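Colleague: I would like a close look at a single part of this model. Please take the aromatic rings and the strands in turn.

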Amino acid sequence: VAECERRAEKEKESIKAKYKKEQKERKRLYNELADYKGNIRVYARVRPQNAREKKLNSPTCTSFPEEDTLLLRYPDRAGTSHREKTFEFDKVYRPESTQANVFADTSPVIETVLDGYNVCCFAYGQTGSGK
């Protein structure tokens, strides 16, 4: 029994050491990735139309020419024609995106906090828009 306990304790210490080593490596790789991507990332999330907008059959003013591009169509000041403005982001979440999609991309940032690094997440948008 004593021999079994000694081997179990030795195995436990070995596993702890491997875990700490892997944890350090994960931190190093994540920080290396952050250096490549840049430390500031900007995401845009477009909300789906609400019930009232759907009932009124309102047209959408956004389209997504590419995965990281948002095209906004809006009327000119006279209201006689439409203008377009293109914005590029690190990631654009379309109206059909779920919270799980957003979490999948932001979870590495949260893990960085758990690793002891300082992080700032800023969400901007109209009240009730689902930030």
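Is Tyr43 buried, partly exposed or exposed, and at what relative accessibility?

Modeller: The model is a predicted one. Tyr43 has a relative accessibility of 30%, so Tyr43 counts as partly exposed, because that class lies between under 20% for buried and over 50% for exposed.

The aromatic pairs come to two. One of them is formed by Tyr43 and Tyr93, in an edge-to-face arrangement with 6.0 Å from centre to centre and 85° between the planes. This pair links distant parts of the chain, since Tyr43 lies in strand S1 (residues 43-45) and Tyr93 in strand S5 (residues 91-93), 50 residues apart. Tyr93 has 3% relative accessibility and therefore counts as buried.

Phe122 and Tyr124 also pair: their ring centres are 6.4 Å apart and their planes are at 15°, so this pair is stacked. Phe122 is exposed at a relative accessible area of 71%, and Tyr124 is exposed as well, at 75% relative accessibility.

Now the strands. S2 (residues 62-63) pairs with S3 (residues 69-75) in the antiparallel sense, over two bridges. A hairpin of five residues joins S2 to S3. S3 and S4 (residues 82-88) also run antiparallel, joined by seven bridges.

Conventions. Residues numbered from 1 in each chain as written. Predicted model: local features only at pLDDT ≥ 70, side-chain atom pairs only at ≥ 80, totals over all residues. Heavy atoms only, no water. Phe/Tyr/Trp six-rings, centres within 6.5 Å; stacked < 30°, edge-to-face > 60°. Helix = DSSP H or I, 4+ residues; strand = E, 2+ residues; numbered from the N terminus. Buried < 20%, exposed > 50% of the residue type's maximum accessible area, 1.4 Å probe, protein only. Pairing = 2+ DSSP bridges.
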